[in-house]
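Subject: Structure handover

Hello,

Here is the structure for your files. Please open it alongside this note; what I found follows below.

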Amino acid sequence: PSCLSLSPRCPPALHTCQGLAPCLPEEGQVNTSGPRLLLATLHPASGSSAAMDRIVSALLLSLLLLLQSYGVCGAPPQPRGTLCRTKPTDLVFIIDSSRSVRPQEFEKVKVFVSQVIEGLDVGPNSTRVGVINYASAVKNEFSLKTYQTKAGLLQAVRRIEPLSTGTMTGLAIQFAISRAFSDSEGARVRSPNFNKVAIVVTDGRPQDGVQDVAARARAAGIEIFAIGVGRVDMHTLRQIASQPLDDHVDYVESYSVIEKLTHKFQEAFCVVSDLCATGDHDCEQICISSPGAYKCACKEGFTLNSDGKTCSACSGGSGSALDLVFLIDGSKSVRPENFELVKKFINQIVDSLEVSEKQAQVGLVQYSSSVRQEFPLGQFKNKKDIKAAVKKMAYMEKGTMTGQALKYLIDSSFSIINGARPGVPKVGIVFTDGRSQDYITDAAKKAKDLGFRMFAVGVGNAVEDELREIASEPVAEHYFYTADFRTISKIGKKLQMKICIEEDPCECKSIVKFQTKVEDLINSLQQ
């Protein structure tokens with residue numbers, strides 16, 4: 001996907017490079033931006049279908065760009081702003097390739113490293129990048145002065161091979177301090193104009209001490225991020241990371257998820273951001289950027305509402321009839337504090353609806369080892385009562401029977417006896433944070449065969465293959481994933497734009513969403 005946006009010379013059929021590092025344009029085709037340290041330790045994980053996802057996303061992006069070229073409702077397409085610029089940085093990746101790391105898992109980390117590099121402005125006066133590979137010994141793959149273009153760096157990352165011995169994490173950090181960040185290796189003199197950062201990715205306990213050497217690295221001005229994978233020792237991560245720990249310690253269960261942290265580090269390195277281009281705004285239709293700020297506008301045929309963010313179509317039509325049911329995972333893995341975030345996520349969607357007997361109706365079902373209807377469609381006639389009922393919802397805290405919950409949605413939630421209206425579009429939003437403990441295929445297929453429009457939202461350890469199985473076609477528009485519960489509000493904003501059934505444009509303001517889709521997909525491809 002990066003190749004698609006960076007260089008037409010890269011053959012489309014090779015842009016995922018057989019699931020390894022991204023395909024690379026020729027040296028000098030890409031212009032990219034004191035010291036940052038990335039420490040990566042691997043843990044065995046299963047493969048993923050990321051390559052196929054990227055191909056689908058790329059094809060969908062092409063179609064949406066084609067549609068966008070004609071404009072919507074007579075309005076011309078809106079130009080995008082410039083993307084985030086990164087502060088000049090000396091960045092050193094330290095990759096753990098100990099014997100616990102299988103070859104395919106090492107390739108996953110190389111993909112992650114490549115994606116972080118792609119988000120940087122690389123050059124002699126902007127960001128310089130080096131890579132250290134370590135196990136029982138330390139190997140300097142290339143130093144900060146070796147490559148001055150993004151293309152050269154990405155090609156060098158692809159050539160890295162694992163060492164497959166022990167795990168001397170402390171030794172690797174010391175090597176970075178004493179040599180990788182030295183003047184002779186291309187590091188710049190410590191200055192407020194340059195960043196120093198360490199990103200540690202580890203799956204277990206190191207065979208040497210890390211606390212003292214990490215403290216020396218931080219004292220030398222290196223900001224350290226710590227990412228744990230699989231059977232990681234969280235205490236070790238906290239010893240390594242900078243303060244505040246909430247911002248500098250992350251955990252992922254497998255390497256199929258590690259790529260999803262790329263966006264976090266791209267944002268961490270960003271200093272001058274076009275908020276419209278990066279998607280960090282609340283505008284429903286058009287975002288107009290200014291330095292460090294933005295304002296919202298509407299397309300032709302729409303007017304800006306009093307909130308300064310949303311738009312109303314035509315003469316102010318208030319929306320189509322809709323029966324919407326939330327199917328919420330209340331299993332013990334969610335945890336009470338995250339369950340409160342899920343309730344806020346639900347109410348965020350409710351806020352976007354026009355609730356009444358003739359317009360939107362909302363139902364809520366929670367599931368764990370069993371299924372419990374919190375309230376049926378039509379029980380509450382306004383947003384205030386719905387949101388109050390959501391806030392009162394008690395956490396079940398047991399297993400994860402997603403298949404049983406989907407069957408309940410089909411047999412009960414969308415039945416007339418539970419408030420569903422004949423002839424009214426049915427929308428289901430399934431929220432889960434883990435693998436289902438029962439079979440979901442038949443129920444997921446039946447829901448879609450019955451004409452229900454199904455959205456799948458996954459957080460943390462959710463299985464993306466299951467999310468795609470639940471989601472309606474086109475799948476890319478109907479399933480969402482985030483590694484962190486704290487970011488589900490961003491998914492909520494996207495869902496607000498999609499759940500409306502697109503009929504009369506005077507009744508459904510979300511019909512005008514082509515640019516939003518394109519921006520979301522471009523952001524996805526960049527990540």
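Helices (H or I, at least four residues) and strands (E, at least two) are DSSP runs, numbered from the N terminus. This is a predicted model: local features need pLDDT of at least 70, side-chain atom pairs count only at pLDDT 80 or more, and totals for chains, interfaces and linings use all residues. Residues are numbered from 1 along each chain as its sequence is written, and side-chain values use heavy atoms, with hydrogens and water left out.

Most residues other than glycine have a negative phi, and most peptide bonds are trans. Serine 164 has a positive phi, near 60°. Serine 164 sits in the loop between α4 (150-158) and α5 (169-180). Its relative accessible area is 38%, so serine 164 is partly exposed (buried means under 20%, exposed over 50%, partly exposed in between; 1.4 Å probe, protein chains only). Arginine 335 also has a positive phi, about 75°. Arginine 335 is in the loop between β14 and α12 and is partly exposed at 45%.

Two cis peptide bonds to check: glutamine 243 to proline 244, with omega about -5°, and glutamate 473 to proline 474, with omega near -10°. Proline 244 lies in the loop between α7 (234-240) and α8 (245-248). Proline 474 lies in the loop between α16 (464-470) and β19.

Now the sheet. It is open, with 6 strands in the order β16-β15-β14-β17-β18-β19 and mixed pairing. Two strands pair if DSSP finds at least two bridges between them. β16 (371-375) and β19 (479-482) are the edges; each has a single partner strand, so one side of each lacks a neighbour in the sheet. β14 (322-329) and β15 (360-367) run parallel, joined by 8 bridges. Leucine 327 stands opposite valine 365 in β15. Helix α12 (336-351) packs on the sheet and touches β14, β15, β17 (426-432) and β18 (453-459); contact means heavy atoms within 4.5 Å. The direction of α12 makes about 170° with that of β14 (axes are lines fitted to C-alpha atoms, for helices over the stretch in contact; angles run from 0 to 180 degrees between N-to-C directions).

How many disulfides are there? The count is 1, taking a disulfide as a pair of cysteine sulfur atoms within 2.5 Å. Cysteine 283 is joined to cysteine 296, S to S 2.0 Å. The S-S torsion of cysteine 283 and cysteine 296 is about -85°, so the disulfide is left-handed. Both cysteine 283 and cysteine 296 are buried.

Best wishes
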